[in-house]
Amino acid sequence: MTKTAPTKKLTILPTHLALVPDGNGRWAERNGLPRLAGHHAGIENMYRMLQYIHEYPIKYLTLYGFSTENWGRPEDEVGGLFELVTEFINAHIQEIHEQNIQFHHLGRLNELPSRLQKAVNRAVQLTGNNTGMVLNVAFNYGGRTEIIDAVRRLITEKVEPQKIDEKLFESYLYTNGSPNVDMLIRTGDELRLSNFLIWQTAYSEYYFTKVLWPDFGKKDLDKALLSYSQRKRRFGRLQARQPT
């Protein structure tokens, strides 16, 4: 794939960018298409955005693909989405590997269909030694579930309570090895986290847009990153007053 330089030269960029690509179903409805067609368009746009984000010096990218709550959607929609994701991974993982991107999965993999599990495991194994961008794909993921799983592991391993601090606890999360999220972008005009990375986004900068995910393009991403570069992150600290 031909590389295209970002349209904005930004000096301040997030090290870890998280994306909630919302609006696939509504995009399909607006275009008179079945919901699964919206998911197909969303997955295609996910790949386009991955290629574009890869042009920036952004080291970590986390994408929200399927939440633990999404099991409540119609069975044919869920099954169709699983097939789309399986086909997407199998079709593109070699190219992703050749771009030196490291693929990680976040969530409860063992609850997913076996074909999807095999595709994910192959992707993780194939890209495991890559040293470029780290791509975290959150599939069958929930922020509360992640914390519960971390607590269960701590109990199973009989870690002494007095030894547990934030740093140790983070090492038991699915995102172990990735820093906390600097910026979270959510498309589709929804103003909530929806149980996504609730530990890792405690001090993130949030960016919400009305653009539905399949329509979210390079200019929209540039606009979001420009907004981030203009913010002052305080992490709960007071900002020093300028002398008058």
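This is a predicted model: local features need pLDDT of at least 70, side-chain atom pairs count only at pLDDT 80 or more; totals for chains, interfaces and linings use all residues.

Reader: What is the cut-off for buried?

Author: Buried means under 20% relative accessible area. Thr-145 has 14%, so it counts as buried.

Reader: Which helix does Thr-145 lie in?

Author: Thr-145 is part of helix H5, residues 143-156.

Reader: And what is Thr-145 in contact with, leaving aside its neighbours within four places in sequence?

Author: With that limit, Thr-145 is in contact with Thr-68, Arg-108 and Tyr-174.

Reader: Next, Thr-175. Is it buried or exposed?

Author: Buried. The relative accessible area of Thr-175 is 4%.

Reader: Where is Thr-175 found?

Author: Thr-175 sits in the loop between helix H6 (166-170) and S5. Leaving aside its neighbours within four places in sequence, Thr-175 touches Leu-106, Glu-146, Leu-197 and Gln-200.

Reader: Now the sheet. How many strands form it, and in what order?

Author: Six strands form an open sheet. The order is S3-S4-S2-S1-S5-S6, and the pairing is parallel.

Reader: Which are the edge strands?

Author: Strand S3 (102-106) and strand S6 (205-208). Each of these pairs on one side only.

Reader: What does the twist average?

Author: The twist averages 20° from one strand to the next.

Reader: How do strands of a sheet pair in general?

Author: They pair through backbone hydrogen bonds, either parallel or antiparallel.

Reader: Let's look at S4. How many bridges join S2 to S4?

Author: Seven. S2 covers residues 60-67 and S4 covers residues 134-141, and the two run parallel. Tyr-60 has Val-134 in S4 as its bridge partner. Ser-67 stands opposite Tyr-141 in S4.

Reader: And how many bridges join S3 to S4?

Author: Five, and S3 and S4 also run parallel. There, His-105 stands opposite Val-137 in S4.

Reader: Why is S4 described as largely enclosed by the rest of the structure?

Author: Because eight of the eight residues of S4 are buried.

Reader: What about helices on the sheet? Which strands does H2 touch?

Author: Helix H2, residues 35-53, packs on the sheet and touches strand S1 (16-20), S2 and S4. The direction of H2 makes about 165° with that of S2.

Reader: And which strands does H7 lie across?

Author: Helix H7, residues 218-229, lies across S1, strand S5 (183-186) and S6. H7 runs at about 145° to S5.

Reader: At what angle do H2 and H7 pack?

Author: About 50°, with their axes 11 Å apart. That angle makes H2 oblique to H7.

Reader: Is the crossing of H2 with H7 left-handed or right-handed?

Author: H2 passes H7 in a right-handed crossing.

Reader: Which residues make the contact?

Author: From H2, Met-49, Tyr-52 and Ile-53. From H7, Lys-218, Leu-221 and Asp-222. By class, the contact of H2 with H7 has four nonpolar, no polar and two charged residues.

Reader: Now H3 and H4. How do their axes cross?

Author: The axes of helix H3 (residues 75-98) and helix H4 (residues 114-127) cross at roughly 15°. They come within 9 Å.

Reader: Why are H3 and H4 called roughly parallel?

Author: Angles under 35 degrees count as roughly parallel. With a crossing of roughly 15°, H3 and H4 are therefore roughly parallel to each other. H3 passes H4 in a left-handed crossing.

Reader: Which residues make that contact?

Author: On H3, they include Phe-82, Val-85, Ile-89 and Ile-93. On H4, Leu-116, Ala-119, Val-120 and Leu-126 are among them. The residues of the contact of H3 with H4 divide into nine nonpolar, five polar and three charged.

Reader: Last topic: the loop between S5 and S6. What is phi of Asp-189, which is found there?

Author: Near 65°, a positive value in a residue other than glycine. Asp-189 is partly exposed, with a relative accessible area of 42%.

Reader: And Ser-194?

Author: Ser-194 is found in the loop between S5 and S6. Phi of Ser-194 is near 55°, a positive value in a residue other than glycine. At 27% relative accessibility, Ser-194 counts as partly exposed.

Definitions and conventions. Residues are numbered from 1 along each chain as its sequence is written. Side-chain values use heavy atoms; hydrogens and water are left out. Axes are lines fitted to C-alpha atoms, for helices over the stretch in contact, and angles run from 0 to 180 degrees between N-to-C directions. Helices (H or I, at least four residues) and strands (E, at least two) are DSSP runs, numbered from the N terminus. Angles under 35 degrees count as roughly parallel, over 145 as roughly antiparallel, 65 to 115 as roughly perpendicular and the rest as oblique. A crossing is left-handed if the near helix is turned anticlockwise from the far one by less than a right angle, and right-handed if clockwise. Contact means heavy atoms within 4.5 Å. Ala, Val, Leu, Ile, Met, Phe, Trp, Tyr, Cys and Pro count as nonpolar, Asp, Glu, Lys and Arg as charged, and the others, Gly among them, as polar. Two strands pair if DSSP finds at least two bridges between them. Buried means under 20% relative accessible area, exposed over 50%, partly exposed in between (1.4 Å probe, protein chains only).
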